[in-house]
Amino acid sequence: MACANAQLTDNAVTSTNDDATCSKSYAVSLGYWVDPYIKTVCKQTIKKTPEINRGYFARVYAVRALVEGFINTHQRKCQVVSLGAGYDTLFWNLKDHGLLPVKYVEIDIATVTRQKTFMLLRKPGNMLEALGEEVEVLGVAKLGIQCPHYALLPADLRNTNELDKQLQAASLDFQLPTLVLVECVLMYLPEDDSNRLLGYLAQKFSHCHLVNYDVTNMSDRFAQVMLENLGSRQCPLHIQDCVSDSAQMERLKRSGWMQVSVKDMNNLYNTSIPHEQRTRIEKIEMLDEVHLLSELLKHYCICIASNTQDLDITCASLTSSIS
Ligand SMILES: C[S@@+](CC[C@H](N)C(=O)[O-])C[C@H]1O[C@@H](n2cnc3c(N)ncnc32)[C@H](O)[C@@H]1O
């Protein structure tokens, strides 16, 4: 019974990826940003409210600006590792803008990496072609893909030994500056597992930056409703260590990250996203209740951490090739 429940929870967690992909795809279809690849990986586009669409815009804009900022700072002589990457298309969008790092690695649970592999193979076209000629599909089960600049590999983030094996298999250079992206992932891992993962990452790479899109301000009534909704979908959030910005900072410091900064998405939306971008997207759909958007945004944040003395990127003022 415990095993059946664990499977149910795992299925619910992996289905959060379908939700993220479909929500991004809907926002793209309305013109919030351009992503020529999202349709290839989206099973069906689901209509979302204007608040949700603006929230996704802020999230995608911020993540992309930070990843691009890191790649530019290191003149592309760096690596990106996206944990719980789901059906993300960032690799392909970076390639279109001439911003590929030396290696880009995506990790997720095997069911998700297998589905993504099948999608890339079944819908051959620009996404598969962008990977170049030397594409190796992993095994008969087709659990992932390896090629010189990109790898899609299965691992359960609750098991750092399994993750370690896959990062070695991806031929990463652990001395090269590396950005680890965890976009909307850590909240689904039990606290002990996310703390172990954060500690492992801080130790493993000699120069590592973490960009974590996560929840915050989880002690109020709004958060309570969020938690009840996800709990009823068998998808509990693990929020003990992210109840506030300071709790987020403390857990990162405890795990060995030397420099840490946290900004909630409401603050980030109002102060870090360029004014012209906000003006552009705010014309796409009318908002009936503006306070609902700020309430929603206040419950998410971007945490940036570095395991060195320097933070190479900050949320202070974000610019991205997204439009
Ligand atoms: C909300 S989705 C986010 C996907 C993607 N990062 C994005 O923002 O579009 C959460 C992702 O984390 C992955 N995930 C959750 N728990 C995981 C685990 N224990 N090991 C590997 N991946 C996990 C899920 O499979 C899913 O793809």
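Student: Hi! What should I know before I start looking?

Tutor: The model is predicted, so local features need pLDDT of at least 70 and side-chain atom pairs count only at pLDDT 80 or more, while totals for chains, interfaces and linings use all residues. Residues are numbered from 1 along each chain as its sequence is written, and side-chain values use heavy atoms, with hydrogens and water left out.

Student: Okay, the ligand. Which residues come nearest?

Tutor: Arg59, Gly84, Asp108, Asp156 and Leu157 come nearest, out of 22 residues around the ligand. A residue is near a molecule if one of its heavy atoms lies within 4 Å of it.

Student: Which part of the chain gives the most to that shell?

Tutor: Helix H1, residues 2-30, with 6 residues. Helices here are DSSP runs of H or I with at least four residues, strands are runs of E with at least two, and both are numbered from the N terminus.

Student: And how do the shell residues divide into nonpolar, polar and charged?

Tutor: There are 11 nonpolar, 5 polar and 6 charged. Ala, Val, Leu, Ile, Met, Phe, Trp, Tyr, Cys and Pro count as nonpolar, Asp, Glu, Lys and Arg as charged, and the others, Gly among them, as polar.

Student: Which backbone atoms lie by a nitrogen of the ligand?

Tutor: A polar backbone atom of Gly84 is 2.8 Å from a ligand nitrogen, and one of Leu157 is 2.9 Å from a ligand nitrogen. For Glu183, a backbone N or O atom lies 3.0 Å from a nitrogen of the ligand.

Student: How much of the ligand does the protein cover?

Tutor: The protein covers 97% of the 590 Å² of accessible area that the ligand has on its own. Such areas come from the Shrake-Rupley method with a 1.4 Å probe; for residues, only the protein chains shown count as cover.

Student: New topic: how many disulfides?

Tutor: The count is 0 disulfides, taking a disulfide as a pair of cysteine sulfur atoms within 2.5 Å. For Cys22, the nearest cysteine sulfur is that of Cys42, 4.0 Å away.

Student: Now the rings. How many aromatic pairs are there?

Tutor: There are 7 aromatic pairs. In Phe57 and Tyr61 the ring centres are 5.7 Å apart and the planes are at 40°, so that pair is tilted. Rings of Phe, Tyr and Trp (its six-membered ring) pair if their centres lie within 6.5 Å; planes under 30 degrees apart count as stacked, over 60 as edge-to-face and the rest as tilted.

Student: Where are Phe57 and Tyr61?

Tutor: They sit 4 residues apart in helix H3 (residues 50-73), about one helical turn, and both are buried.

Student: What about Phe174 and Phe205?

Tutor: That pair is tilted too, with 5.2 Å centre to centre and 50° between the planes. Phe174 lies in the loop between helix H7 and strand S6, and Phe205 in the loop between helix H8 and strand S7, so the pair ties together parts 31 residues apart in sequence. Phe174 is buried at 13%, and Phe205 is buried at 2%.

Methods. Polar contact = N/O pair within 3.5 Å; in protein donor to acceptor, adjacent residues only side chain to side chain. Buried < 20%, exposed > 50% of the residue type's maximum accessible area, 1.4 Å probe, protein only.
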